[in-house]
Amino acid sequence: MALGEADALGPEAEESRAQELDVIARGNALESFTESQEVRGLVGGLAAVCGDRTARETAVEKFIGEHGDRGLQWMMNLLLDIIRDSASPSELFHLAFKFLYIITKVRGYKRFLRLFPHEVGDLQPVLDMLVDQNPKDCETWETRYMLLLWLSMICLIPFDLARFDGNTVSEEGHARMPTMDRILKVAKCYLVVSDKARDAAAVLVSKFIVRPDVRQKRMADFLDWTLSMLSKSSFQTMEGTVVMNGMLQALAQLFKHGKREDCLPYAATVLECLDNCKLSESNQMVLRKLGMKLVQRLGLTFVKPKVAKWRYQRGCRSLAANLQAKGSVTQSQMINVAANEAEDEEAYDIPGEIENVVEQLLVGLKDKDTIVRWSAAKGIGRITGRLPKELADDVVGSLLDCFSFQETDNAWHGGCLALAELGRRGLLLPSRISDVVPVILKALTYDEKRGSCSVGSNVRDAACYVCWAFARAYDPSELIPFINQISSALVIAAVFDRDVNCRRAASAAFQENVGRQGTFPHGIDILTAADYFAVGNRVNCYLTISVYIAGFPEYTQPMIDHLVNMKINHWDSVIRELSTKALHNLTPRAPEYMANVVLPRLLPLSVGTDLHTRHGAILACAEITHALCKLAEENNRSVTYYFNEKSLEGLKQIHQEVCRNCNLSFFCIYLFVKFIFTVCTLIEKLSLSKMPFRGDPIIEGWQWLINDSLRSLPLVSSTARQHIKESAVSALAALCNEYYINEKGEADPALQDELVTRYISGLQNTEEMIRCGFSLALGALPRFLLKGRLQQVLEGLKKATIISPEDVSFAQSRRDALIAIAKVCQTVGVKGEGSQEEYVCKDNVTQIYATLLNGVTDYTTDSRGDVGGWVRKAAMTSLMEVTLLLVQNEAELINANICKQIMCWLAQQAAEKIDKFRAHAGSVFLTLLHFDRPPVPHIPHREELERIFPRSETETLNWNASSEAFPRITQLLGLPTYQYYVLLGLSVSVGGLTETTVRKYSAQSLFEYMKKIQNDSSDMESFCETLLKVFEDNLRNDRVSVPLLTMLDQMLANGCFDIFTMQGNHPFPVKLFTLCKEEIKRSKDIRKLRSKSNLLSIRKTTASQVYEMLITYSDVVDPAIMDEVMTILSDTNWHSCL
């Protein structure tokens, strides 16, 4: 705020502002104080925890989570106090250094290094501590790392190290090693270790060797030692790799921090040694990266450290100024340096080694690892900035050679990184932009298939980075000729790229260009729709955002062309399908272009040889045709308004060419399966488009293809089967509705007879998948084809739902038959007094319900598990659909008995153990209960059900959660109509095989209900009678009887039937005993026998458990009483009668 503005506010506002600042200051101080107190407590308590390993690790974890950026100095001082204290034990000493390392790791050693105390008096103690360390101790590496960093800071003291030597003869008469040599010896020792101390040793070398006194006496010897170690080591051994790593780090740090004039005499020798090491052939990524780092540092040593005056300098960098320009070109403020060129091109020789350095960096741009390429790119940028203009332009020319389609994706990625670095530094002059932009546009769509995936996402991401860097580097006037190309390419990448990171990178680059350049067409509007978060959803990008952006004319055609040229032939089928749907949505934006340019281009591709292109082209033709016909219909034009004869003929011939190519191919089955889904989609879309093909032989070909698709389902993999089945059935429905109905709204009798007969006969096929396909085909037939044949269709579907010994495992076909019955009923409609050959009426409604209710009892299991669950789920869905259909048309067709059976069976399913089936049953149950347009009639106990399941909780009740579902469903045990079915379902849940949450909450809910009715004899009698009825009806049915025995065992153990022990000769125990004996007669099922044994010996089991508990907790019982109790428990015959 300006001073004048502050004065204008007046004293009241100024006082308020002061109070606000005071509050903020106090809040920050309080936060800092709280944090500091916690950290001080941790550090102060180190002495107490250092001896306990667990407590020590807990303190370390807490320290990582607590300390922040504030107070680094006092944290260091507290820890150094512990380190300097000679009384500190070894564990505490090392723990303090571990805490220092944690701070360094979080904040970075460069930030932390300058905080170390570096007084003259610190040199000898730190050096002595470092000498005392064991380099091979793997537990204390943090100590050595921090001591080396500390020593590297102390080495900066501005005194000759010879002053610290004093008398060079020790008390024993031996020569004492000078301080300089001691430090150098320590550094050399730790440069060849394999832990983190090696990195700190390299930092120490870079600070120590460049000291004037050390440089004069030891630099040449140290470099000789380093190069000797490099020459003698091999990256093919582990030991050699460790040594080379340390030497390369030391050299890179030394040439980074050393003065040029000091390092220049040795640079050529080091480069020659580095060339001889052949690091580019190493498999060690770190060595190649360090080699690249050293190469660029050597290159910077060879050339003078000056900033090139020829570089491009953008003047105005204000976002506000760019946005205010509103698309107008801001005048270039590039500094005119023509007058100074002579001065700039100061005559000095560029060493010949620079060519070698640049060549190695260019090769590094093609390395297989990203960090190596990134290091090389930074090196290219740094060195180019010190070269004359002509040589720098040669570097740019060599760099552009990376962008050849003979090069790998690594070269493209490295080239993009280097271009971004050059642009960011102003080293890519505007005269080169015309060469660079086409390359970047190609990189934005770079994608190469490798096996079952592709490479190129990193190239596209780096290309976005180049666009981002260019936005910040250049004046808008320089990029004006390329604005439309760059903006379109970035929009396409942001919307249509396969990878989310690339879409987001493109969105960020587009945003930067809008802000910095201010010349992108409709930039703000597009950013609003395609921001960082919006482009995260790929489907949303393709189907929604793309349509909005295509509304701007500058982007419409480029987006369409990209989809046609790059995406419909993409290796990923998901992208191909999304692209065709996007073309459908984009068609209204450019219908003439789609009809006259795109469609003629796609038709030849749809019958080409490349499988991916053919697949995408066929789907694209289908989607574009459908969109054009819908558009013509909306504008009251003929459906053929946008099509010429050639296009119509091409559309008709697609499926024939595909089938002919498949028949001629060695891989005909594979190709046919591959394109079955595609051609069925084409048939569906052309039929929905109402193409003028009525009476054309092509219709017979389409029908044959659909029928063959349904017969070929067994050949298809299980993952693709459902998609092909759905596409074929959808195509059949569209084809019949458009081409099989005459002017009177009727079907040709011969055609109707052929279709219905063929599909019904297919329901008894020996292949399960063929049954599935023909079942759904019958369900998709339109009403005019079912007219007069309804009863025949329902009978055929009913037979398909019946379980027989030879098709007991055909659960999927039974599921699809039940689904088809509901579809058929919805298609033909309801008419109570109508004919059973045309409508759902009073004559066939009972048969329909009987078939659907029979499906709810399917508990077939095989190696796949409870496959009958698929049938039960389909049956429940079909029951709901048929019931709601009847309710909305003629509710009187639903009698009380049918409604009772539906609700009871649903209640049983809602009480069973499998979550997804229980949830589906509960959802259907509540849908029927709360349906009110009009209400479903004859629901038993409607008022009680609505109290248990209020309408307000219909959406919130989570049936998947056992803890929510079972407390509600067990309340139905109190309703006589539902008691039997709910108890039947609960038996399976409570007596389940494993201890799951289902078993826990179902048993808990059942026992709570039993407690409520303990004192009500009539309710207990009713419950026990129902329980015995369930047991009796399911004798020898192991699915129910085995868990039922387990449930009875639990109920007896919980005292649910204790009321009968007070009544003499009550029939319940006798009947229960009789049923148990009948169940296990001649049985060899171990689980069943064990459950029966537990059930009949409940008193003995209880006595045994009491005995065990008394032994375990003997100290809580008086010894005299304990002996008596133990005697009774052990001597009593618990099998005898009471």
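Trainee: Which ring has arginine 872 over its face?

Mentor: In this predicted model, side-chain atom pairs count only at pLDDT 80 or more, local features need at least 70, and totals for chains, interfaces and linings use all residues. Residues are numbered from 1 along each chain as its sequence is written, and side-chain values use heavy atoms, leaving out hydrogens and water. A charge sits over a ring if NZ of Lys or CZ of Arg is within 6 Å of the ring centre and within 35 degrees of the ring normal. Arginine 872 lies 5.3 Å from the ring centre, over the face of phenylalanine 917.

Trainee: And how far is the charged end of arginine 504 from the ring centre of tyrosine 532?

Mentor: Here the charged end of arginine 504 sits over the ring of tyrosine 532. Its distance from the centre of that ring is 4.5 Å.

Trainee: How many aromatic pairs does the whole structure have?

Mentor: Rings of Phe, Tyr and Trp (its six-membered ring) pair if their centres lie within 6.5 Å; planes under 30 degrees apart are stacked, over 60 edge-to-face, the rest tilted. Some pairs join up: Phe403, Phe405, Trp412 and Tyr446 are linked into a cluster. Searching the whole structure gives an aromatic pair count of 27.

Trainee: What kind of pair do tyrosine 101 and tyrosine 145 make?

Mentor: Their ring centres are 5.5 Å apart. The planes meet at 85°, so the pair is edge-to-face.

Trainee: Which helices does that pair link?

Mentor: Tyrosine 101 and tyrosine 145 are 44 residues apart, so to speak in distant parts of the chain. Helices are DSSP runs (H or I, at least four residues), numbered from the N terminus. The two tyrosines sit in α5 (residues 90-107) and α8 (residues 141-154).

Trainee: Is tyrosine 145 buried or exposed?

Mentor: Buried means under 20% relative accessible area, exposed over 50%, partly exposed in between (1.4 Å probe, protein chains only). With 5% relative accessible area, tyrosine 145 is buried.

Trainee: Which residues does glutamate 623 touch?

Mentor: Glutamate 623 is in helix α31 (residues 611-634), and at 9% relative accessibility it counts as buried. Contact means heavy atoms within 4.5 Å. Leaving out residues up to four places away in sequence, glutamate 623 touches Thr580, Lys581, His584 and Lys685.

Trainee: What is the mean pLDDT of the protein?

Mentor: pLDDT is the predictor's confidence in each residue, from 0 to 100. It stays under 50 over residues 23-33 and is below 50 over residues 326-344. Still, 88% of residues reach 70 or more, and the mean is 86.
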